Amino acid sequence: MLRPQGDAVDAINPSVELTEADRIDRLRLIRSDNVGPRTFRSLVDHFGTARAALERLPDLARRGGAARSGRICSVDEAKAELAASRKLGIAWLAPGENGYPARLATLDDAPPLLAVRGDNATLMRPMIAIVGSRNASGAGLKFAGQLARELGEAGFIVISGLARGVDQAAHRASVASGTVAVLAGGHDCIYPPEHGDLLAAILDHQGAAISEMPLGHEPRARDFPRRNRLISGASLGVVVVEAAHRSGSLITARMAAEQGREVFAVPGSPLDPRAAGTNDLLKQGATLVTEAADIVNAVAPIMERPPMHPMSEPDSEPFEIDPQGHDRDQITGLLGPTPVTVDDLVRMSGASPAIVRTVLLELELAGRLERHGGGLVSLL
């Protein structure tokens with residue numbers, strides 16, 4: 001079986017080290033109202049620093065139609081969150097810093113700060129995600145564990161979501177070789193609660209846990225798809241062991257495909273509804289897996305191309321400093337509850353991409369815009 005050479009590192013050399021002031025500014029910006037990872041990146045790319053972006057938030061939200069400025073996280077709040085995190089051994093890392101998974105950093109919606117607990121070296125090694133049904137069959141659990149052990153023996157880190165079923169089986173089988181748990185809530189809000197012992201074992205054996213959520217955040221239904229994009233984004237590929245139709249694991253597989261990751265599926269009986277989703281993935285072109293070598297051989301060529309860390313968007317057009325009122329009205333008028341692409345907005349409005357991007361940013365900061373996958377946006 002092919003395996004990474006020596007202690008392979010799935011990263012370019014880390015070249016970023018934030019000052020404490022920069023870390024506070026970044027945490028303040030991402031914790032402010034209506035600022036998500038994509039908006040954060042757009043703001044910092046345009047204004048240069050998180051601090052400069054913070055100063056412009058009230059004006060941008062006002063121009064987007066907000067009746068009053070959204071809440072901006074204070075310096076004291078950010079300092080308190082960092083201090084509480086450090087007491088639990090949690091570090092908040094930016095893309096490019098040691099311990100921030102290199103492939104995750106390549107996403108356009110990568111967390112601007114990632115809460116990391118455990119062994120940083122583990123997070124810099126090549127990862128394979130294993131996900132599947134929470135209500136898995138005995139055969140599915142056994143095979144997930146077998147895959148995880150063999151991938152660990154081949155030098156890979158297994159990453160999953162700490163959920164019941166397949167996730168749990170994959171983590172437990174790879175504790176000794178190294179595994180990463182991705183949390184949907186804060187580090188102090190483990191879900192499901194009974195997996196606290198599993199997380200402790202992961203951390204005791206040079207594994208790691210990551211989250212983008214603040215301490216005290218109890219996971220809600222909408223937080224799990226957000227978590228799933230981290231699982232797929234940090235990995236070379238995602239293996240789905242069992243998944244019914246409309247399974248959360250299929251969301252992870254879809255995200256993996258959108259992120260340019262490999263998608264693998266384990267075939268199952270046509271009579272078992274828990275295999276319906278994985279069998280559909282195979283029909284759609286996922287790589288069939290019956291042993292770990294299928295995965296290792298498929299990702300070997302990818303590992304020869306290290307991930308490139310996108311620190312900025314040099315080829316994108318700048319924002320328009322202050323779009324004219326008629327441009328703003330026209331673009332807003334084209335939006336509605338049905339998602340449309342940004343390219344369509346540019347074409348239909350006749351405005352420049354810079355003006356469209358600026359108006360969308362204003363609307364988002366005013367809490368009036370929702371972003372969807374595939375570059376789609378809609379008006380709230």
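Q: Is Leu 162 buried or exposed?

A: The model is predicted, so local features need pLDDT of at least 70 and side-chain atom pairs count only at pLDDT 80 or more, while totals for chains, interfaces and linings use all residues. Residues are numbered from 1 along each chain as its sequence is written, and side-chain values use heavy atoms, with hydrogens and water left out. Buried means under 20% relative accessible area, exposed over 50%, and partly exposed in between, with a 1.4 Å probe and protein chains only. Leu 162 has a relative accessible area of 0% and is therefore buried.

Q: Which peptide bond is cis?

A: The bond joining Tyr 191 and Pro 192 is cis, with omega of about -5°. Pro 192 belongs to the loop between β5 (179–182) and α8 (196–204).

Q: What does the UniProt record annotate over residues 94–299?

A: UniProt positions are given in the numbering used here, feature names are shortened, and annotations may be inferred rather than shown by experiment. The unreviewed entry assigns "domain: Smf/DprA SLOG" to residues 94–299. In the model, this span is 36% helix and 16% strand, and its end C-alpha atoms lie 26 Å apart.

Q: How many residues of strand β3 are buried?

A: In a regular strand the side chains alternate between the two faces of the sheet. In β3 (residues 127–131), five of the five residues are buried. Met 127, Ala 129 and Val 131 are on one side, Ile 128 and Ile 130 are on the other, and both faces are covered.

Q: Which strands pair with β3?

A: Two strands pair if DSSP finds at least two bridges between them. Strand β4 (residues 157–160) runs parallel to β3 and is joined to it by three bridges, with Ile 128 opposite Val 158. The chain passes from β3 through helix α6 (residues 138–153) to β4 in a right-handed β-α-β crossover. Right-handed here means that, with the strands pointing away from the viewer, the path from the first strand over the helix to the second runs clockwise. Strand β7 (residues 237–240) also pairs with β3 in the parallel sense, over four bridges; there, Gly 237 is the bridge partner of Ile 128.

Q: What is the strand order of the open sheet with antiparallel pairing?

A: Its three strands follow the order β10-β12-β11. β10 (340–341) and β11 stand at the edges with a single partner strand each, so one side of each has no neighbour in the sheet. Two bridges pair β10 with β12 (residues 376–379), and Val 340 has Val 377 as its bridge partner.

Q: How many residues of helix α2 are buried?

A: An α-helix has 3.6 residues a turn, so residues three or four places apart point the same way. Eight of the 11 residues of α2 (residues 37–47) are buried, so the helix is largely enclosed by the rest of the structure. Among the buried residues are Phe 40, Arg 41 and Phe 47. Their cover, judged by contact (heavy atoms within 4.5 Å), includes α1 (20–30), α3 (50–63) and α15 (353–365). Just after α2, Gly 48 takes a positive phi of about 95°.

Q: What does the side chain of Ser 211 reach?

A: A polar contact is a pair of N or O atoms within 3.5 Å; within protein, one must be able to donate a hydrogen and the other to accept it, and residues adjacent in sequence count only if both atoms are side-chain atoms. The side chain of Ser 211 reaches the backbone nitrogen of Met 213 at 3.0 Å. Ser 211 lies in strand β6 (residues 208–211) and is buried at 0% relative accessibility.

Q: How many disulfides does a search of the whole structure find?

A: A disulfide is a covalent bond between the sulfur atoms of two cysteines. The criterion is a pair of cysteine sulfur atoms within 2.5 Å, and the search finds zero. The sulfur of Cys 189 is 18 Å from the closest cysteine sulfur, in Cys 73, which is too far for a bond.
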